[in-house]
Amino acid sequence: MTDLASLLSIAPIFRGLVAMLLSGACFPLCGVMVIRLELIPMRYMLMHGVILGGAISLALGLPLVPVTAVVNLLLVLLMAAIHQEGGMGGASAATMVLSMAAASVITHVADVPAKDTLNLLWGSPFALVDSDLVLIALLGAFLALYIMIDFQTILALFFNREVASSLGIKVRLHSTLLVLVIALVVALAMKVLGAFLIDALLILPVLTATRYISGGIRKLFLASSICGFLSALLGYLMAVAIDWPPSAAIAICSSVLYLGSYGLRALAACRKGVIN
């Protein structure tokens with residue numbers, strides 16, 4: 001325990017801990033929207049958008065974060081336009097293929113090493129700087145504030161688009177806005193934390209929360225945030241203590257929490273059978 005406390009006192013490791021706690025608590029909120037709106041295919045499109053943004057950034061010598069954010073927002077707007085004629089899954093796939101093709105052309109023409117763009121998908125909590133912590137905190141605060149301000153609209157879109165439209169809600173406008181918020185959060189967070197860690201904190205905590213609780217959307221947001229926070233805390237401490245990659249350790253903890261829900265439900269069913 002003393003050794004762990006000593007390690008956490010080292011500045012890069014402590015910054016990583018703060019980043020993981022913030023990310024674990026905030027990013028599952030975005031994951032709830034991704035799951036409920038069935039936008040998981042969009043997450044893969046955003047990953048390829050990061051590659052395209054990175055290729056443009058490296059080719060032109062531009063700042064990485066603003067370029068990747070703008071590229072992904074433009075891709076989402078394109079996807080929304082395509083969505084008028086087809087399903088979200090098809091629109092995501094088409095946009096993903098287009099972005100990957102564009103990235104391939106840019107890396108070839110501008111002679112950008114492919115490995116440099118692919119490295120953008122992998123982050124390390126130990127390599128974060130103070131500005132990265134500020135970015136994560138701002139993203140988390142923005143996400144939480146957006147959900148609180150527009151909660152009733154989000155709830156209506158989760159429930160039924162036709163009902164939402166009958167209530168006077170501009171469904172397409174708010175759906176596009178919601179997707180843009182998700183795209184911004186995921187794209188920027190992916191650059192800072194990496195694709196693997198985003199998956200562990202964006203999707204799995206929400207799936208875990210849906211297994212452990214039943215109730216309204218407010219409970220789902222809260223439970224997802226708690227599951228993400230616990231996964232990030234336990235996984236990061238385990239990684240530091242036994243010298244594992246933080247992304248892998250956090251993903252393992254998140255997976256264990258999810259799989260544990262099956263065991264708890266089986267145990268509850270057995271107890272119910274015994275009582276009956």
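I take helices (H or I, at least four residues) and strands (E, at least two) as DSSP runs, numbered from the N terminus. The model I am reading is predicted, so I keep to the rule that local features need pLDDT of at least 70 and that side-chain atom pairs count only at pLDDT 80 or more, while totals for chains, interfaces and linings use all residues. Residues are numbered from 1 along each chain as its sequence is written, and side-chain values use heavy atoms, with hydrogens and water left out.

**Helix H3 and its end**

I looked up what follows H3, and found that Gly 61, just after the helix, takes a positive phi of about 70°. For the span of a helix I expect 1.5 Å times one less than its number of residues. Helix H3 (residues 40–60) has 21 residues and should therefore span 30 Å, and its end C-alpha atoms, 31 Å apart, agree with that.

**Helix H13, its surface and its end**

For exposure I use relative accessible area, calling a residue buried under 20%, exposed over 50% and partly exposed in between (1.4 Å probe, protein chains only). Phe 229 comes out as partly exposed, at 31% relative accessibility.

I then asked which residues make the nonpolar surface patch of about 440 Å². They are Leu 222, Ile 226, Phe 229, Leu 230 and Leu 234. A patch here takes residues with over 30% relative accessible area and no salt bridge, joining like charges within 9 Å and nonpolar side chains (Val, Leu, Ile, Met, Phe, Trp, Tyr) within 5 Å. The areas come from the Shrake-Rupley method with a 1.4 Å probe, and for residues only the protein chains shown count as cover.

H13 is followed by Asp 243, whose phi is positive, near 60°. Asp 243 is a residue other than glycine, and I place it in the loop between H13 and H14. With a relative accessible area of 69%, Asp 243 is exposed.

I find it in the loop between helix H5 (88–109) and helix H6 (114–118). Its relative accessibility is 66%, and Asp 111 therefore counts as exposed.

**Salt bridge**

Side chains of opposite charge can pair when their charged atoms come close. I count a salt bridge when a side-chain nitrogen of Lys or Arg is within 4 Å of a carboxyl oxygen of Asp or Glu, and by this rule I get 1 salt bridge. Its partners are Asp 130 and Arg 15, whose side chains meet at 4.0 Å, N to O. The pair links distant parts of the chain, 115 residues apart, with Asp 130 in helix H7 (residues 130–149) and Arg 15 in helix H2 (residues 11–36). Asp 130 is exposed at a relative accessible area of 51%, whereas Arg 15 is partly exposed at 21%.

**Cysteines**

How many disulfides does the rule give? Taking a disulfide as a pair of cysteine sulfur atoms within 2.5 Å, I count 0. The cysteine sulfur nearest to that of Cys 30 belongs to Cys 26 and is 11 Å away. Cys 30 is buried, with a relative accessible area of 0%. For Cys 227, likewise in no disulfide, the nearest cysteine sulfur is that of Cys 253, at 12 Å. Cys 227 counts as buried at 11% relative accessibility.

**Aromatic pairs**

I searched the whole structure and found 3 aromatic pairs, where rings of Phe, Tyr and Trp (its six-membered ring) pair if their centres lie within 6.5 Å, with planes under 30 degrees apart counted as stacked, over 60 as edge-to-face and the rest as tilted. Ring pairs link Phe 151, Phe 158 and Phe 221 into a cluster.

In helix H11 (residues 195–202), 6 of the 8 residues are buried, so the helix is largely enclosed by the rest of the structure. The buried residues are Ala 195, Leu 197, Ile 198, Ala 200, Leu 201 and Leu 202.

Leu 264 lies in helix H14 (residues 246–275) and is partly exposed at 48%. From Leu 264 to Arg 211 I note 53 residues in sequence and 9.7 Å in space, C-alpha to C-alpha. Leu 259 lies in H14 and is exposed, with a relative accessible area of 56%.
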